[in-house]
Amino acid sequence: MRIERLGDLGDAPSVLRALAGATIRLGLAPPAALIGEWFGSRAVVAPTLPAAEVPPDAVFDVAPGERADGPVGGGWFGYLSYPDPGADGLGPRIPEAAGGWSDEVLRCDADGFWWHESLSGCGVSDWLHDALQAPPARRDATVTWGAADRAAHHRGVLECLDAIAAGEVYQACVCTRFAGALRGRPVDYFADAVARTAPARAAFLAGGWGAVASLSPELFLSRRGSTVTSSPIKGTLPASADPAGLLESVKDVAENIMIVDLVRNDLGRVARIGSVSVPELLVVRPAPGVWHLVSTVSAEVPRELPMAAVLDATFPPASVTGTPKARARELLTGWEPHRRGVYCGTVGLASPVAGCELNVAIRTVEFAADGTAVLGVGGGITADSDPAREWDECLHKAAPVIGHGAGTDRPGSPQVARAR
């Protein structure tokens, strides 16, 4: 692997814009990007990535490295959609899974300095050098959002409460969806949203099929060698509220602990006996527009265990399904009108040097090739959930992406989110 220090190139959204402009001019595949807190760095960017449709069981199929001192080198960038349909029975809007391999990355370290890293040992190409020297062009990217269906969400929450009362599930994550239309480029929308909201696990991927712009705060899986960790989020308050209220909330604490137990069970299916632990329980952390309650579960798995086996045991993420997981998933297909798509799936990178890191694809906008966009939001329902408060939680989560005041159930009341 070759590593070259490039210095201070600016923030990650600016570098991404510069690369996107260059790839368009040169007819190259667009860049892919992980921005926030990935691999101990501020950003990991593939300068150009031919992200193509792949079978869902082939994603992140890379023997995970275990280097934790910074370098990533390259690897397989991609996404995997939430697998279940909605009540309408329609198929996916974009491929269920897509991604591609990059032999090189640009990495912004924790101090803000950029590095060029190459698995094949190549240096910085002329086109890449020129792109990084050129000032990034800022272009408008506007999404006009329609209203989410409050009545359908209300019905789903009530049906979930009935199922909890009947003993079918203890908790389930009931979701709704905003739909809109994009004017501009998805990469500009993503770059502006990241600059505004600074999410911990943001990710961008694009191809002829469309694009995924994930503004997630949540870690689904991190794997280095034989060590696997997951940090589920359950419990939310608006940023204007006192965060101490999360730990005082019986509902939020119970919801988080139930999901921690589910993650322990999922990882326990492939972990070495006795290795599953909970190093962090009920930690309050900020995220765009909200406070969250976060816990961390860790486990040791056989080093030779493929990522496909880890995903088979743990996907879809526990925090967006329910307990018991299998029954919750079955019921959710009838409670939610639409297929979730990439929302509640995962986006990330599998590196043969630094391991694998995957987000939970919440706060995630899915763009189809025709420019239509969807954004899913939801929350965990427990026995003492109030449907009106659950709807408010959905709006708090959506607001950083689509703007405050979103969520009216008047179909003719669009909301606009703009990248300038």
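Between which two strands is the loop where E218 is found?

A: E218 is found in the loop between β12 (210–216) and β13 (219–224). Here, helices (H or I, at least four residues) and strands (E, at least two) are DSSP runs, numbered from the N terminus. Before we go on, keep in mind that this is a predicted model, in which local features need pLDDT of at least 70 and side-chain atom pairs count only at pLDDT 80 or more, while totals for chains, interfaces and linings use all residues. Residues are numbered from 1 along each chain as its sequence is written, and side-chain values use heavy atoms, leaving out hydrogens and water.

Let's start with the charge. E218 is buried, where buried means under 20% relative accessible area, found with a 1.4 Å probe on protein chains only. Yet E218 has no salt bridge; that term stands for a side-chain nitrogen of Lys or Arg within 4 Å of a carboxyl oxygen of Asp or Glu. The nearest side chain of opposite charge belongs to R363, 6.4 Å away. In this count Lys and Arg are positive and Asp and Glu negative, with His and the chain ends not counted.

Who are the neighbours? Leaving aside residues up to four places away in sequence, E218 touches R201, S231, P232, I233, S319, N359, V360 and I362. A contact is a pair of heavy atoms within 4.5 Å.

One of those neighbours, R201, does have a salt bridge: its side chain meets that of E357 at 2.7 Å, N to O. This pair links distant parts of the chain, with R201 in strand β11 (residues 201–207) and E357 in strand β20 (residues 355–359), 156 residues apart. R201 counts as buried because its relative accessibility is 11%, and E357 counts as buried because its value is 3%. A search of the whole structure finds 19 salt bridges.

Now back to R363. It is found in the loop between β20 and β21 (364–368). R363 counts as buried because its relative accessible area is 7%. It also has a positive phi of about 50°, although it is not a glycine. Most residues other than glycine have a negative phi.

The largest cavity has a volume of about 180 Å³, and of the 22 residues that line it, the closest to its centre are K234, I362, R363, G378 and K397. I362 is also one of the residues that E218 touches. A cavity is a set of points on a 1 Å grid over the protein atoms alone where a 1.4 Å probe fits but cannot get out, and lining residues have an atom within 4 Å of a point. The points are joined across faces, edges and corners, and the volume is the space filled by probe spheres set on them. The lining of the largest cavity divides into seven nonpolar, seven polar and eight charged residues. Ala, Val, Leu, Ile, Met, Phe, Trp, Tyr, Cys and Pro count as nonpolar, Asp, Glu, Lys and Arg as charged, and the others, Gly among them, as polar.

Key:
Buried < 20%, exposed > 50% of the residue type's maximum accessible area, 1.4 Å probe, protein only. 1 Å grid on protein atoms, 1.4 Å probe; cavity = no way out; pocket = protein on both sides within 12 Å on 5 of 7 lines; lining within 4 Å.
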